[in-house]
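Hi,

Here is the structure I promised to pass on. My notes follow below it.

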Amino acid sequence: MKIGIIVAMDKELQQLQQLFAGSDVRVEKCGIGKVNAALGAQRMINEFQPDIIISSGCAGGNGDDIQIQDVVVSTELTYHDVYCGTAVDNCTIYGQVQGLPARFPADPELLEKAKQLNFSTLAIHPGLIVTGDWFVDSKEKMRSIIEKFPDAKAVDMESCAIAQTCYINKVRFISFRVISDIPLRDTDASMYHDFWNTIAEHSFQVTKTFVESL
């Protein structure tokens, strides 16, 4: 089985490359944002032909049960910044690209394996991940997203674009996102900076353990 992992930033790439050193798993950086994510996913599919693609990295968290360094595994994914309107199609909903699913589900078998992971030191939360081209650094922006997607567990800038690319190419997909900050409890993204300065070192072990379970 060929497995590819896509991350957005050098910080994430360095940690995951260390975890998978010497393995056949391919870890690549796509860059930040939806276009970079889609291009990176398509490049990996064209060049590597993976059976599974995993989006890994950090995200902002949402919910009373979410804590810094918890991991959200995608049950489904959508965009928080896409709206196609109703002029042509009154069935398309907010977050949906016209002609595509309103939400992209994670591969069900991969999701079941992810739900079986158990760590004594952190929590794993299955749930909705929403994606958009906006680094959420204010409570006001997070509230505007959660108003439309109250069930969202994590907000990132890449996962749904990778999910869409995998959907089109019929590649199995799942996303693991380590919670680096909780915008509704934060001020000026201080949690995010503290995450990288103090506790990010072992944050991607869940992704490694999941791959080992396949």
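Is Gln69 buried, partly exposed or exposed? Gln69 is partly exposed, with a relative accessible area of 24%; here buried means under 20% relative accessible area, exposed over 50%, and partly exposed in between, with a 1.4 Å probe and protein chains only.

Before the rest, a word on the source. This is a predicted model, in which local features need pLDDT of at least 70 and side-chain atom pairs count only at pLDDT 80 or more, while totals for chains, interfaces and linings use all residues. Residues are numbered from 1 along each chain as its sequence is written, and side-chain values use heavy atoms, leaving out hydrogens and water.

Back to Gln69: this residue sits in the loop between S3 and S4 (strands are DSSP runs of E, at least two residues, and helices runs of H or I, at least four, numbered from the N terminus). Gln69 is not a glycine, yet its phi is positive, about 80°. Lys170, in the loop between helix H5 (159-169) and S8, also has a positive phi, near 60°, and is exposed at 77% relative accessible area.

Best wishes
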